[in-house]
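Dear colleague,

Please find the structure below, handed over for your own work. My notes on what was found in it follow directly after.

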Amino acid sequence: MFKFFSACRKESLILVRDLAGLIMLFLMPMIMVTILALVQEQGWSSLSRDPSIPVLLVDEDQDTLGAKIQEGLKGSNVFKIYTSIDGKPVNREIAKQKIAKGEYNIGVIIPKGSTGIIRHKVQVMVTQIVSGIMMPVDNPFLDIKVNDSINILIYFDPGIKGTFKYAFMSTMKEYSMFIESSMIFSSFNTELRKMFPQYRPPKMDYRESVFFTEIFPGGKDEKAIPSTTQHNVPAWALFAMFFIVIPMTGSMIKERDEGSMIRINTMPVSYFTIFMAKVSVYAVVCVIQFILMMLAGRYVLPLANIPSLTVGSNYMGILLMMVVSSLAALGFAIAVGTIARTHQQAAAFGVVSVVVLTALGGLWVPVYLMPEAMRSLALWSPLNWAHVGFIDLFLRQATIADILPQVFKLLCFFVITISIALLYRRVKSPLNN
Amino acid sequence: MQGKAIIEIKDLVKIYKGSDEAAIKGISLDINQGEIFGLLGPNGAGKTTTISILCGLFNPTKGSARIDGMDILSNHNAIKKIIGVVPQDVALYPTLTSWENLTFFGNMYGLRGAHLREKIAEGFSVFGLEKHADKKIANCSGGIKRRVNLIAGLLHDPKIIFLDEPTVGIDVQSRVVILEYLKELNRKGTTVIYTSHYMEEAEKLCTRVAIIDRGKVISMGNPRELVAEHPEFKDLENIFLHLTGKDLRD
């Protein structure tokens, strides 16, 4: 056992001596988590905060519809409305050019007479209803058909994100329906006043009568609210953790290239002891890395007005998940480091495979948004298992028993990758350690 | 001091994967206990391959070898305990100090505590490295690295020591110290197997030499006896050139 501890000491000394490398191991992931969380938070939560998406509005209608749409888009706090550029009113041509050049993301053209068409349609409809009540038989109004329709043109920058396009269209539909309803109500009042001069329109309460209350069932604590922080911080922390493949394989290949491994191979010590020492030391690095990233999520992100990370209260569960996730990352690194012959091979394969496993694991795009085939593949990514485990702990107040399936899968992944490394070494190298 | 065969090599063949030609082609030889045995040959002759097989770094394609009565294929770990290896390249951790390197490698041989500290101090004293104990290997000169590299293979007092060109690229002073120490070790009973390109060095140091070329032993015996057998050549180097030719090797 003391050979193992001696190998651990050697690994620790090598790590500590490379101070710049060590700082990068800890600092870079923290910077990455902070910046990516900031970027993603801004991307997603701009839907509910500062208006940031520029919209060119060409209101040829100059009536209720144009005014209401403008009012609605402004009120959404998502879109910033421009009706003129450099003091010049925007017209169709300018809007089209500006969007095509990517200077603005969205352009809305409300054609002339749009409000008139709606008004006419509503009046006809109300007249038909009212006259239908008064004259149920042989009513000539019932045969009137209004075929006019409004065609609001919307130009989209081809580079705009689908989510924003979707949000914009929803806002537009919501406001056009609201305007139509208001006009119907107003027309009814007018018609009723014609029929009954003593009629006084009621003061309508326009407040919504249907409310939505968001509840996130989370065991004992229902205060943990899903946010981009809750998803992104563990996701990016795991992504960074699996990037340990680069320094780890670098250390293994350097040891081979420098000849120290040749000397070790002639000594009465097993390869297993040597790489388990490496795994143990790097596991501590991974755990510290992860804790630092969680602390960044907890204390640094709120400084940028981003929701703080909530980690729940199952600290033992979190520690267990951190350890098994580290082991999975390190097992993968050991396998890559054993099979790769050069730094270039290890780095290229390591980076690409970690990116693929991350994408596949639903760390960038949630698994439920993936196509069916990808969803079933996602279930095979160790990053997915680890992420699910952390989300369960952070948001669902999971117990250790609840996360055992994820722990088991990650441990299996570690055992399988280590076995691959040992098997490869046994087959490719005649050393029978 | 010389006794029974401590290393017995029989029809040893090694063909590297992807190579058409065998690196060693049926080498057979015995090395007796207490010998300083030199494996001499031009580049690519098969010296390092032979030593690597005996140290357990490669398996032979064919043939067998026994070290201290133990088959090399089935007794890896037991053999590793009684051999010391000094690789051709400096096999040390550059960011660790000389002392830390030797402590680690000593631990890997199973040494620890005061005994290990004494062994390291002894090595430093013999090779004049006391001042360099706390210096990182990366900051040491080539001669110091070579000497630390040598100590690392000797810490556990091995019964047999394999040295692959231990004096390549070092100054005369370091070379003299290393060769003197090898003689001293041999006097204490250690069997030394050593490869070199320096014929004069081998002639002075070795009790027997085998000249290997293109994977075969082409001559073997006591250096002085070999010179005596070939009166037309004045020394081992001329015999070597006569046997292996003057063509440049890769």
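The contact between the chains takes 22 residues from chain A and 28 residues from chain B, where two residues are in contact if their C-beta atoms, placed from the backbone, lie within 7 Å. On the side of chain A that touches chain B, the elements giving two or more residues are H1 and H9 of chain A; helices (H or I, at least four residues) and strands (E, at least two) are DSSP runs, numbered from the N terminus. H1(A) gives the most to that side, with seven residues. The residues on this side of chain A divide into 10 nonpolar, six polar and six charged. Here Ala, Val, Leu, Ile, Met, Phe, Trp, Tyr, Cys and Pro count as nonpolar, Asp, Glu, Lys and Arg as charged, and the others, Gly among them, as polar.

Please note that this is a predicted model, in which local features need pLDDT of at least 70 and side-chain atom pairs count only at pLDDT 80 or more, while totals for chains, interfaces and linings use all residues. Residues are numbered from 1 along each chain as its sequence is written, and chains are lettered from A and ligands numbered from 1 in the order in which they are written.

Helix H3 of chain B (residues 98-108) is mostly covered, with 10 of its 11 residues buried. A residue is buried if 20 or more other C-beta atoms lie within 10 Å of its own, exposed if 12 or fewer, and partly exposed in between, with C-beta atoms placed from the backbone. Among the buried residues of H3(B) are B:Leu102, B:Phe104, B:Phe105 and B:Met108. The cover over them includes helix H1 (2-17) and helix H9 (260-265) of chain A, together with helix H4 (113-126) and helix H5 (142-154) of chain B. After H3(B) comes B:Gly110, whose phi is positive, near 95 degrees.

Chain B also holds an open sheet of six strands in the order S6-S7-S8-S3-S9-S10, with mixed pairing; two strands pair if DSSP finds at least two bridges between them. Strands S6 (83-86) and S10 (216-221) of chain B stand at the edges, each with a single partner strand, so one side of each is left without a neighbour in the sheet. Within the sheet, S3 (residues 36-40) and S8 (residues 191-196) of chain B run parallel and are joined by five bridges, and B:Ile36 has B:Val192 as its bridge partner in S8(B). Helix H6 (residues 172-187) of chain B lies across S3, S7 (160-164) and S8 of chain B, running at about 150 degrees to S8(B). Axes are lines fitted to C-alpha atoms, for helices over the stretch in contact, and angles run from 0 to 180 degrees between N-to-C directions. Helix H9 (residues 236-244) of chain B lies across S3, S9 (208-213) and S10 of chain B, at about 30 degrees to S9(B).

The largest nonpolar core has 144 residues, of which A:Ala237, A:Phe242, A:Ile244, A:Leu330 and B:Phe162 touch the most other members. Such a core is a set of buried Ala, Val, Leu, Ile, Met, Phe, Trp, Tyr and Cys residues joined through C-beta atoms within 7 Å.

Chain A comes to 15 helices and six strands, and 36% of its 433 residues count as buried.

Yours sincerely
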